[in-house]
Amino acid sequence: MPAIALDPIKQFQVTKWLDLKLGNIDISFTNASGFMLLGVVLVITFFGMASRKGELVPSRLQSVAELGYGFIADMVRSAAGEEGLKFFPFVFTLFFFIFFANMIGMVPYAFTTTSHIIVTGALALTVILMVIVVGLMKNGLGFFKLFAPSGAPWYIYIILTPIEIISFLARPLTLGLRLFANMLAGHIMLKLFAGFVVALIGAGAVYVPIAALAFGMGVALNALEFLVAGLQAYVFAILTCVYLNDALHADHH
């Protein structure tokens, strides 16, 4: 078996599908671009088909779509309050883009866009920039009360304020890294177990029992990875709601 077939990192390689340049800038259409576009198309198609008829007695597809809609609405309302519902379209889009991207990545030979830090980092940076803009528009300079929670003695702020600033600046880093690291690690493990099974079977009949054990662990890991794929979309969305709540209610800190 060629060594490259067992390489767990090859699945994350970005390759050009269409070589394009704008002057000296490379704007090639890659597999990462293609699978992100696929995710967007699938989200639009799913909700478009689910809401096409809008029946009083919903079909199964419409019921699933309505459950998703209600789930995100409840998440935003509980984490950011009624005022946060104005950002429902943003959180809704963010959640389902990540969810579909993660699920597409679970299909064999598909490309997992959320396993790249440039993608998750861009999403996290978008969230934090929105939080800052919303915070300044809603509270003006009062937004900076977020870094100096009320009720503490003045001398505590010497230590507390730098900690709050560092914590705020770390938000996009941790938000992007959490999603990236979970998807990267999970897919590496899946690839390794699949490689173990093939290698053990190829090594001879004596290794077949071990291969069967590795296969069973791979199946269990695959199920766990599906759970993680959904959970990470939820975590990203709920933290977005929490950060928006901070921006909307900075004066309450």
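Contact here means heavy atoms within 4.5 Å. By that criterion, and leaving aside neighbours within four places in sequence, I98 is in contact with T114, L123, L179, A233 and F236. The model is predicted, so local features need pLDDT of at least 70 and side-chain atom pairs count only at pLDDT 80 or more, while totals for chains, interfaces and linings use all residues. Residues are numbered from 1 along each chain as its sequence is written, and side-chain values use heavy atoms, with hydrogens and water left out.

**Overall layout**

- The chain has six helices and four strands, where helices (H or I, at least four residues) and strands (E, at least two) are DSSP runs numbered from the N terminus.
- Read along the sequence, the pattern is β-β-β-β-α-α-α-α-α-α.
- The C-alpha trace spans about 70 × 55 × 50 Å along its principal axes.
- Of the 253 residues, 38% count as buried; buried means under 20% relative accessible area, exposed over 50%, and partly exposed in between (1.4 Å probe, protein chains only).
- Among contacts between residues at least 6 apart in sequence, 68% join residues at least 24 apart.

**Nonpolar cores**

- A nonpolar core is a set of buried Ala, Val, Leu, Ile, Met, Phe, Trp, Tyr and Cys residues joined through side-chain atoms within 4.5 Å.
- The largest core has 44 residues, of which I72, V91, F96, I98 and F236 touch the most other members.
- Two or more residues of this core come from each of α1, α2 (60-80), α3, α4, α5 and α6 (208-248).
- The largest share, 11 residues, is given by α6.
- Apart from this core lies another, of five residues, among them A32, F35, I104 and A110.

**Packing of α4 and α5**

- The axes of helix α4 (residues 117-139) and helix α5 (residues 157-203) come within 8 Å and cross at roughly 145°; axes are lines fitted to C-alpha atoms, for helices over the stretch in contact, and angles run from 0 to 180 degrees between N-to-C directions.
- On the α4 side, the residues making the contact include I117, T120, G121 and A124, and on the α5 side they include F168, R171, P172 and L175.
- By class, this contact has 12 nonpolar, three polar and one charged residues, with Ala, Val, Leu, Ile, Met, Phe, Trp, Tyr, Cys and Pro counted as nonpolar, Asp, Glu, Lys and Arg as charged, and the others, Gly among them, as polar.

**Aromatic pairs**

- The structure holds 18 aromatic pairs; rings of Phe, Tyr and Trp (its six-membered ring) pair if their centres lie within 6.5 Å, and planes under 30 degrees apart count as stacked, over 60 as edge-to-face and the rest as tilted.
- W17 and F29 form a tilted pair, 6.2 Å centre to centre with 50° between the planes.
- W17 lies in strand β1 (residues 16-18) and F29 in strand β4 (residues 29-30), so this pair ties together parts 12 residues apart in sequence.
- W17 is partly exposed at 49% relative accessible area, and F29 is partly exposed at 30%.
- F46 and F100 form a tilted pair, 6.3 Å centre to centre with 50° between the planes.
- F46 is in helix α1 (residues 31-50) and F100 in helix α3 (residues 88-105), 54 residues apart.
- F100 is buried, with a relative accessible area of 17%.
- One aromatic cluster is formed by F46, F47, Y69, F71, F88, F92, F95, F96, F99, F100 and Y234.

**Surroundings of L20**

- L20 sits in the loop between β1 and β2 (21-22) and is partly exposed at 35% relative accessibility.
- Not counting residues up to four places away in sequence, L20 touches I25, D26, I27 and S28.
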